[in-house]
Amino acid sequence: MENNYNETDAAIFAHKHVSSQMQQKYTVAQIEYLLDLVYEYYDATDNDENDNGINIVEITAFINQNISKNFCSPISYRELEELLNADNAYMESAGLIEPESNIDSFDDEDTVNIGNIIDDVYALLPQDLKDRYDIDVVFAVFCMECCYINEIGSDEIDEDEMYEYIQQNAYDNDMEISLEDIKSILTTESLFLGES
């Protein structure tokens with residue numbers, strides 16, 4: 001097993017372990033470039049996966065602001081999550097990090113992978129919301145919701161405060177979304193998950 005992270009091997013591995021849509025959109029060289037930008041973000045923020053997890057929205061914004069659009073297409077939030085998962089799988093296979101516990105083996109009803117539910121929740125949204133926001137914006141709202149919950153570190157959630165947090169973070173990332181629309185999106189998510 002290797003002892004060091006090899007950027008080229010990571011890119012080849014990641015390219016094989018992302019969706020066929022991503023494989024068609026990005027070459028191995030472009031995947032390596034995107035991973036370089038991810039690690040530039042970590043270096044720039046000195047915020048490699050801390051206790052609050054990673055902020056997909058911030059990393060995506062950093063990549064897309066710094067990307068050479070002549071070389072590589074911008075990446076979406078969903079694509080970035082997929083790329084980060086493939087990169088983690090590479091590091092696990094190379095013995096660089098401990099394999100993560102298999103979440104499916106736990107009976108943790110509080111654990112939700114937003115990547116697994118986004119298509120279903122988006123399909124349930126009222127048509128007027130789908131007309132205003134594509135699935136990537138809704139995915140970003142879910143990511144910001146997770147960041148808020150991780151940051152407060154409490155089971156007590158002030159929904160109005162959370163909606164304002166999401167709206168401000170969206171605005172900071174050049175997305176405009178009303179508090180009412182945020183509430184509608186998250187209400188649909190809660191109903192889908194069977195939460196009150």
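This is a predicted model: local features need pLDDT of at least 70, side-chain atom pairs count only at pLDDT 80 or more; totals for chains, interfaces and linings use all residues.
**Stop 1: Gln-21.** Select Gln-21, which sits in helix α2, spanning residues 20–25. Gln-21 is classed as exposed because its relative accessibility is 56%.

**Stop 2: Ser-76.** Move to Ser-76, in the loop that links α4 (56–66) to α5 (77–93). Is Ser-76 buried or exposed? With a relative accessible area of 18%, Ser-76 falls under the 20% cut-off and is therefore buried. To see what surrounds the residue, show Thr-60 and Asp-136 as well; Ser-76 is in contact with both, once neighbours within four places in sequence are set aside.

**Stop 3: the acidic patch.** Select Asp-158, Glu-159, Asp-160, Glu-161 and Glu-164 together, and display the surface: these residues form a negative patch. Then pick out Glu-164 from this group; Glu-164 belongs to helix α9, which covers residues 159–172. Glu-164 has a relative accessibility of 47%, so Glu-164 counts as partly exposed.

**Stop 4: Asp-174.** Finish in the loop between α9 and α10 (179–193), where Asp-174 is found. Check the backbone here: the phi angle of Asp-174 is positive, at about 60°, although the residue is not a glycine. Asp-174 is exposed because its relative accessibility comes to 71%.

Definitions and conventions:
Residues are numbered from 1 along each chain as its sequence is written. Side-chain values use heavy atoms; hydrogens and water are left out. Patches are made of residues with over 30% relative accessible area and no salt bridge: like charges are joined within 9 Å, nonpolar side chains (Val, Leu, Ile, Met, Phe, Trp, Tyr) within 5 Å. Accessible areas come from the Shrake-Rupley method with a 1.4 Å probe; for residues, only the protein chains shown count as cover. A salt bridge is a side-chain nitrogen of Lys or Arg within 4 Å of a carboxyl oxygen of Asp or Glu. Lys and Arg count as positive and Asp and Glu as negative; His and the chain ends are not counted. The place of a charge is taken as NZ of Lys, CZ of Arg, CG of Asp or CD of Glu. Helices (H or I, at least four residues) and strands (E, at least two) are DSSP runs, numbered from the N terminus. Buried means under 20% relative accessible area, exposed over 50%, partly exposed in between (1.4 Å probe, protein chains only). Contact means heavy atoms within 4.5 Å.
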